[in-house]
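This report looks at how a pair of protein chains is put together. Keep the sequence and the structure at hand while reading.

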2 protein chains.
Amino acid sequence: MFTVLVDLRVRPERLEEFLEGIGINSRASLRDEPGCLRFDVHQHSDDPNRFVLYEIYADQSAFYEAHRTAPHYAAWREVSTRCVVPGGHVNTFATPAFPADIPENPDQNPSNRETA
Amino acid sequence: MFTVLVDLRVRPERLEEFLEGIGINSRASLRDEPGCLRFDVHQHSDDPNRFVLYEIYADQSAFYEAHRTAPHYAAWREVSTRCVVPGGHVNTFATPAFPADIPENPDQNPSNRETA
């Protein structure tokens, strides 16, 4: 598995457009990408214009290839360009320390497998 | 729901002890705290001594009261004091932007309710 944490700073005047766009992107990623296992969108408690995306993919190719070439990702990039503050997008890449504890782990739960 | 993202920098020589301690804490939190809905542990891809904890609670009291007074939390704090670099613990508090999209949301899935 491959985890992506995305820290985003949004232009306050674009907050509504951002929320609509990231909601479309997160739901389409989960629905249309078999390798996108989790995609949660969180708003910072102390700053409504800061967000964290929590994304788990089956592997790196599910993120770098399948996700980044999906049509909903291209649409999201356009929204992001308009709504995110320049320099306000920071990715952190990680892997689960205990893969067996991740409920969406395809190796743990056959119903999560792409081929199931 | 109430989300806690914890950024941790671990002393390299204490990595093994850290991993054992955070594994015990994350599993006990999920097992023993009805209000702890999710607790994932991730290791940064570019630095094996940096970690992110991804925790979702039913509400703030499930974190500030139930979690922080649990016996496994006290044990974890002792491990943390030994293993985490001074100043290397940063909490970020957030809430789901789309609560209905969170699979563990007690309001969406009655099986997640404390009273179920």
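## The nonpolar cores

In this predicted model, Phe18(B) touches Leu8(B), Val10(B), Phe51(B), Trp76(B), Val79(B) and Cys83(B), leaving aside residues up to four places away in sequence. Phe18(B) also belongs to the largest nonpolar core, which has 23 residues. Leu8(B), Phe18(B) and Ile22(B) are the residues with the most contacts inside this core.

Six elements of chain B each supply at least two residues of this core: strand S1 (2-10), helix H1 (15-32), strand S2 (36-44), strand S3 (50-57), helix H2 (60-67) and helix H3 (71-83). The largest share, five residues, comes from S1(B). A second, separate core has 22 residues, among them Cys36(A), Phe51(A), Val79(A) and Cys83(A).

## How the two copies are related

Which surface do the copies use to meet? Of the interface residues of chain B, 100% are also interface residues in chain A, so the copies meet through the same surface.

## The interface

On chain B, 29 residues are in contact with 29 residues of chain A. The size of an interface is often given as the accessible area lost when the parts come together. Here the two chains bury about 2,300 Å² between them, and 57% of it is on carbon and sulfur atoms. Arg38(B), His42(B) and Phe98(B) supply 25% of the area that chain B buries against chain A, more than any other three residues.

There are also polar links across the interface. Between chain B and chain A, 18 residue pairs are in polar contact. On chain B, the elements that give two or more residues to the side touching chain A are S1, H1, S2, S3 and strand S4 (84-96). S2(B) provides the largest share of that side, six residues.

## Salt bridges between the chains

Side chains of opposite charge can pair when their charged atoms come close. How many salt bridges cross the interface of chain B and chain A? The rule finds four. One salt bridge between the chains joins the side chains of Glu104(B) and Arg38(A), at 2.6 Å from N to O. Both residues take part in a network of salt bridges that links Arg38(A), Asp40(A), Glu104(A), Arg38(B), Asp40(B) and Glu104(B).

## Salt bridges within a chain

Over all chains, the whole structure has 16 salt bridges. In chain B, the side chains of Glu17(B) and Arg82(B) meet in one, at 2.6 Å from N to O. This pair links distant parts of the chain, with Glu17(B) in helix H1 and Arg82(B) in helix H3, 65 residues apart. Glu17(B) is partly exposed, with a relative accessible area of 23%, and Arg82(B) is partly exposed at 37%.

In chain A, Arg14(A) and Glu17(A) form a salt bridge through their side chains, at 2.8 Å from N to O. Arg14(A) is partly exposed, with a relative accessible area of 31%, and Glu17(A) is partly exposed at 23%. Another salt bridge joins Asp32(A) to Arg31(A), with the closest N and O atoms 3.0 Å apart. Asp32(A) counts as partly exposed at 44% relative accessibility, whereas Arg31(A) is exposed at 61%.

Key: Residues are numbered from 1 along each chain as its sequence is written. Chains are lettered from A and ligands numbered from 1 in the order in which they are written. This is a predicted model: local features need pLDDT of at least 70, side-chain atom pairs count only at pLDDT 80 or more; totals for chains, interfaces and linings use all residues. Side-chain values use heavy atoms; hydrogens and water are left out. Contact means heavy atoms within 4.5 Å. A nonpolar core is a set of buried Ala, Val, Leu, Ile, Met, Phe, Trp, Tyr and Cys residues joined through side-chain atoms within 4.5 Å. Buried means under 20% relative accessible area, exposed over 50%, partly exposed in between (1.4 Å probe, protein chains only). Helices (H or I, at least four residues) and strands (E, at least two) are DSSP runs, numbered from the N terminus. Buried area is the accessible area (1.4 Å probe) that two parts lose on being put together, summed over both. A polar contact is a pair of N or O atoms within 3.5 Å; within protein, one must be able to donate a hydrogen and the other to accept it, and residues adjacent in sequence count only if both atoms are side-chain atoms.
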